[in-house]
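This briefing sets out selected features of a single structure, grouped by topic. Please consult the sequence and the model alongside the text.

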Amino acid sequence: MQIKINFNAGPAALPPEVLHEAAKAVNKYKKTGLSILELPHRGKEFAEIIAESKQLVRELCGLDDNYEILWLHGGGRQQFFMIPMNFLPENGSAGYIDSGRWSEEALEYAAHYGDVQVLASSKKDNYRHLPTWPAKIPKNLAYVHFTTNNTIYGTQWKDVPESKGVPLIADMSSDIFSREHDYTKYSMFYAAVQKNLGTPGIALTAIRKDLLKKVARSLPPMLSYPAQVKEDSILNTANVFGIYVSLLMLRWIKAKGIATIEKDNNQKAQLLYSALDQSSVFTPYVTEKADRSMTNVCFTAKNAESEKAFLALCEENDIVGISGHRSAGGFRVSLYNAVDLESVRHLVRLMQEFESKER
Ligand code: PMP
């Protein structure tokens with residue numbers, strides 16, 4: 001069967017080496033005589049998987065022991081409510097930067113637990129650009145939350161913004177490990193892992209110990225960060241296979257090196273954006289170049305008919321996953337770490353071929 005070129009936004013393309021290793025482990029895991037799917041979550045082998053994965057996250061992010069690393073159930077959205085449950089007191093306020101649907105959903109979840117202040121928003125322009133980062137951040141906020149990369153609309157904060165001493169929390173679901181980044185500026189960051197880091201249903205979280213001391217209410221253990229830390233992410237039956245795939249991804253990222261990953265990602269994004277900027281048929285969604293995501297490239301074609309025809313051409317040429325998010329329409333090409341430059345070249349060639357016929 002022809003292998004597809006996968007530009008899906010998540011679950012997303014995984015490197016062939018990782019798929020191969022994961023398949024081997026499904027058959028037999030090391031010398032255990034068991035499949036990884038049968039491996040006990042409280043056994044020695046899984047404890048080693050947890051320990052190595054945490055060590056690699058620390059190494060790749062430049063974090064010391066001042067941060068706790070957790071693998072939690074529930075993907076990205078579970079963090080949308082665990083964060084305010086843990087850190088937003090009932091009579092307190094949290095600041096949110098609204099730069100896209102995921103940021104908006106995070107603040108809607110937080111409003112169940114306390115006061116939410118929208119410090120900046122680009123919603124009125126349909127998130128075509130990033131909002132201006134607030135010049136003033138009220139000192140009394142429990143934390144400021146933002147989304148580093150907007151998976152749906154294709155905008156991205158390139159540098160870590162300044163939160164003036166208020167704890168800064170970042171949703172890095174779609175650009176974690178995609179470039180050099182100063183993770184130590186965050187009090188907490190998290191990522192749903194089904195993009196650059198594995199398979200769905202899990203979130204990687206890193207929380208600084210000073211923030212962990214500020215838990216605002218009594219919570220059942222599954223929803224409490226300190227309780228999860230105490231049990232080292234194995235409070236209940238852990239997602240053994242999912243976390244193992246994330247470990248394989250971390251090893252792959254380390255072997256390739258973040259600097260090389262960043263260089264490749266820039267090259268892929270530049271190739272696609274420059275084709276879009278020169279096109280008479282396709283229009284990039286984000287016009288402000290500095291705001292453009294290196295990870296999710298969004299665009300439209302001339303009209304609905306032309307979009308349908310281009311989609312059909314891509315399908316004929318084994319390209320999948322380029323339809324825009326159901327709330328945005330058009331196209332979205334996700335250039336996660338496992339997508340290679342040759343795949344992007346193939347897409348750009350098809351775009352040019354299509355254009356020459358449409359003109
Ligand atoms: N945050 C961002 C930036 C995302 O892109 C997504 C999913 N695409 C989520 C959160 C939600 O993740 P999940 O579907 O795992 O809840």
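Helix H3 (residues 75–87) comprises 13 residues and reaches 19 Å from its first C-alpha to its last, close to the 18 Å expected at 1.5 Å a residue; the expected span is 1.5 Å times one less than the number of residues in the helix. The model is a predicted one: local features need pLDDT of at least 70 and side-chain atom pairs count only at pLDDT 80 or more, whereas totals for chains, interfaces and linings use all residues. Residues are numbered from 1 along each chain as its sequence is written, and side-chain values use heavy atoms, with hydrogens and water left out. Helices (H or I, at least four residues) and strands (E, at least two) are DSSP runs, numbered from the N terminus.

- H3 is mostly covered, with eleven of its 13 residues buried; buried means under 20% relative accessible area, exposed over 50%, and partly exposed in between (1.4 Å probe, protein chains only).
- The buried residues of H3 are Gly75, Gly76, Gln78, Gln79, Phe80, Met82, Ile83, Pro84, Met85, Asn86 and Phe87.
- Helix H10 (residues 341–358) has 18 residues, and its first and last C-alpha atoms are 26 Å apart, close to the 26 Å expected at 1.5 Å a residue.
- Buried positions in H10 are Leu341, Ser343, Val344, Leu347, Val348, Leu350, Met351, Phe354 and Glu355.
- These buried residues of H10 pack against several elements, among them helix H8 (258–278), strand S12 (296–300) and helix H9 (304–316).
- Strands S1 (5–6), S13 (319–320) and S14 (331–334) are also packed against by the buried residues of H10.

- Strand S3 (residues 93–98) is mostly covered, as six of its six residues are buried.
- Both faces of S3 are covered, with Ser93, Gly95 and Ile97 buried on one side and Ala94, Tyr96 and Asp98 buried on the other.
- S3 pairs with strand S4 (residues 115–121) in the parallel sense over six bridges; two strands pair if DSSP finds at least two bridges between them.
- Within S4, Ser121 stands opposite Asp98.
- A right-handed β-α-β unit is made by S3, helix H4 (residues 101–110) and S4; right-handed denotes that, with the strands pointing away from the viewer, the path from the first strand over the helix to the second runs clockwise.
- S3 also pairs with strand S5 (residues 144–147), in the parallel sense and over two bridges.
- In S5, Val144 stands opposite Gly95.

**Nonpolar cores**

- A nonpolar core is a set of buried Ala, Val, Leu, Ile, Met, Phe, Trp, Tyr and Cys residues joined through side-chain atoms within 4.5 Å.
- The largest such core has 58 residues, and those with the most contacts inside it are Ile49, Trp71, Val144, Phe177, Phe189, Leu197 and Leu204.
- Helix H7 (residues 240–256) contributes the largest share of this core, ten residues.
- A second, separate core of 31 residues includes Phe87, Trp102, Ala110 and Tyr190.
- Leaving aside neighbours within four places in sequence, Leu197 is in contact (heavy atoms within 4.5 Å) with Trp71, Phe177, Leu204, Ser246, Met249, Leu250 and Ile253.

**Loop residues and backbone geometry**

- Ala216 lies in the loop between helix H5 (209–212) and helix H6 (225–230) and is partly exposed, with a relative accessible area of 31%.
- The C-alpha atoms of Ala216 and Glu90 are separated by 7.9 Å, although the two residues are 126 residues apart along the chain.
- Leaving aside neighbours within four places in sequence, Ala216 is in contact with Asn86, Phe87, Leu88 and Pro89.
- Most residues other than glycine have a negative phi, and most peptide bonds are trans.
- Gly10 and Pro11 are joined by a cis peptide bond, with omega about 0 degrees; Pro11 is found in the loop between S1 and helix H1 (16–27).
- Lys30, not a glycine, has a positive phi of about 45 degrees; Lys30 is found in the loop between H1 and helix H2 (44–61) and is exposed, with a relative accessible area of 58%.
- Asp232, not a glycine, has a positive phi of about 55 degrees; Asp232 is found in the loop between H6 and H7 and is partly exposed at 30% relative accessible area.

**Cysteines**

- The structure holds zero disulfides, a disulfide being a pair of cysteine sulfur atoms within 2.5 Å.
- Cys298 is in no disulfide, and the nearest cysteine sulfur, that of Cys314, is 15 Å away, too far for a bond.
- Cys298 counts as buried at 7% relative accessibility, and Cys314 counts as buried at 1%.
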